[in-house]
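Open your viewer and get ready to click through this chain. Each stop tells you what to select and what you will find there.

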Amino acid sequence: MSSTSSHGGAAPYYFVPGPSRWPLLAGLSMLVTMIGASAWVNDASWGPAANLIGILGTITVLYFWFGDAIKESEGGLYSQRIDHSYRWSMSWFIFSEVMFFGAFFGALFYARTISMPWLGDLDHKFIWPDYAPHWGGATPAGTVEEFRTMGPFPIPTINTALLLTSGVTLTIAHHALRAGHRAQTAIWLFATIVLGAVFMGFQAYEYHHAYTELNLKLTSGIYGSTFFMLTGFHGFHVTMGAIMLSVVLYRVLKGHFTPDNHFAFEGAAWYWHFVDVVWLGLYVVVYWL
């Protein structure tokens, strides 16, 4: 990929812009966020305020940090070395997200395939004589309110179609950008964002349906906790991906990027396709099995 900006500037291969203060400030803001959240959970009166300050600080830092990165990129200050660094960084970030969801899928697998049959075998019948090892059924101790499980129809299946379609529209937008068709890029990128927003709307409705009609809550035993943990964190990632694509769309409309220099678009697209793949796993494992 060329290191030239959309305005024609170029940087030597090994050129690196000056140091930035934003990583240090981001770390401090996130530290305040975590301390505030911990204090909030432990009923400290100052916890919510500290948590809010940390979140606002993190958002502010990211806004100015990414703003500086965009200015440097458009000013022709990014060399091939910086481009390679961004690509490796984004790759490792997505790998960390793979491990993140892998832990959650692993928890679901352990609970469903190992713990549940173990608690319902003959050796444990004297502890819970009436317990039947059925996923989504009553807990052994009988302390969870009765609830109904979530099936794959109709909302999860609709959401699957939405995300798969959004992957197609994003790929079309990428090909349009590489061909130099900026208007088509903007149209298909906007369509991708709309599909993501509709997905989030359906998921919000699904959660309302789960709480009000199925009595399925985060406190509904291991089924409820794994269901909302997996689908909720995935929904958060869809939200973040839509925000990233919205920023990219704004930059496309501002005239940023060239057919050979548009890593911000590619990085956001990598993230979005990763979110699509995770959803396919969720759709099969959480809703069907």
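## Stop 1: the whole chain

Read along the sequence, the protein runs α-α-α-α-α-α-α. That comes to seven helices and zero strands. The model is predicted. Keep that in mind at each stop.

Show the C-alpha atoms alone. They fill a box of roughly 75 × 45 × 30 Å along the principal axes. The protein has 289 residues, and 39% of them count as buried. The accessible surface is about 15,900 Å², and 71% of it belongs to carbon and sulfur atoms.

How much of the contact in this fold comes from residues 24 or more positions apart? Among contacts with a separation of 6 or more, such pairs account for 75%.

## Stop 2: two domains

Color residues 19-77 as domain 1 and residues 81-288 as domain 2. Their centres, taken over C-alpha atoms, are 25 Å apart. Look at where they meet: four residues of domain 1 are in contact with four residues of domain 2.

## Stop 3: the annotated spans

Next, select the spans that the unreviewed UniProt entry annotates as "transmembrane region": 22-40, 46-67, 88-111, 153-173, 185-205, 225-250 and 270-288. Check two of them.

- Residues 22-40 are 100% helix and 0% strand, with the end C-alpha atoms 26 Å apart.
- Residues 153-173 are 90% helix and 0% strand, with the end C-alpha atoms 30 Å apart.

## Stop 4: a nonpolar patch

Select Leu 24, Leu 25, Leu 28, Met 30, Leu 31, Met 34, Ile 35 and Trp 46. Together they make a nonpolar surface patch of about 810 Å². Pick out Met 30. Met 30 sits in helix α1, residues 22-41. Is Met 30 buried or partly exposed? Met 30 has a relative accessible area of 47%, so Met 30 is partly exposed.

## Stop 5

Move to Asp 43. Asp 43 lies in the loop between α1 and α2 (47-74). Its phi is near 65 degrees, a positive value in a residue other than glycine. Asp 43 is exposed, at 71% relative accessible area.

Now find Asn 215, in the loop between α5 (182-212) and α6 (221-253). Phi is positive here too, near 55 degrees, and Asn 215 is not a glycine. Asn 215 is partly exposed, with a relative accessible area of 23%.

For a peptide bond to inspect, select Phe 153 and Pro 154. The bond joining them is cis, with omega about -5 degrees. Pro 154 lies in the loop between α3 (80-119) and α4 (155-178).

## Stop 6: salt bridges

Side chains of opposite charge can pair when their charged atoms come close. How many salt bridges are there in this model? The count comes to three.

Start with Glu 74 and Arg 251. Their closest N and O atoms are 3.4 Å apart. Glu 74 is in helix α2 and Arg 251 in helix α6, so the pair ties together parts that are 177 residues apart in sequence. Both Glu 74 and Arg 251 are buried.

Next, show Arg 87 and Asp 83. Their side chains meet in a salt bridge at 3.0 Å, N to O. Why are the two separated by about one helical turn? Because they are four residues apart in helix α3. Asp 83 counts as buried, at 10% relative accessibility.

Glu 266 is buried, at 13% relative accessibility. Show the trio at once: Asp 83, Arg 87 and Glu 266 are linked in a network of salt bridges.

## Stop 7: Ala 264

End in helix α7, residues 263-288, at Ala 264. Ala 264 counts as partly exposed, at 30% relative accessibility. Leaving out residues up to four places away in sequence, Ala 264 touches Val 248, Arg 251 and Phe 257. Finally, draw a line to Leu 77. Ala 264 and Leu 77 are 187 residues apart in sequence but 15 Å apart in space, C-alpha to C-alpha.

Terms used
Residues are numbered from 1 along each chain as its sequence is written. This is a predicted model: local features need pLDDT of at least 70, side-chain atom pairs count only at pLDDT 80 or more; totals for chains, interfaces and linings use all residues. Side-chain values use heavy atoms; hydrogens and water are left out. Patches are made of residues with over 30% relative accessible area and no salt bridge: like charges are joined within 9 Å, nonpolar side chains (Val, Leu, Ile, Met, Phe, Trp, Tyr) within 5 Å. Accessible areas come from the Shrake-Rupley method with a 1.4 Å probe; for residues, only the protein chains shown count as cover. A salt bridge is a side-chain nitrogen of Lys or Arg within 4 Å of a carboxyl oxygen of Asp or Glu. Buried means under 20% relative accessible area, exposed over 50%, partly exposed in between (1.4 Å probe, protein chains only). UniProt positions are given in the numbering used here, feature names are shortened, and annotations may be inferred rather than shown by experiment. Domain bounds come from an automatic or database domain assignment. Contact means heavy atoms within 4.5 Å.
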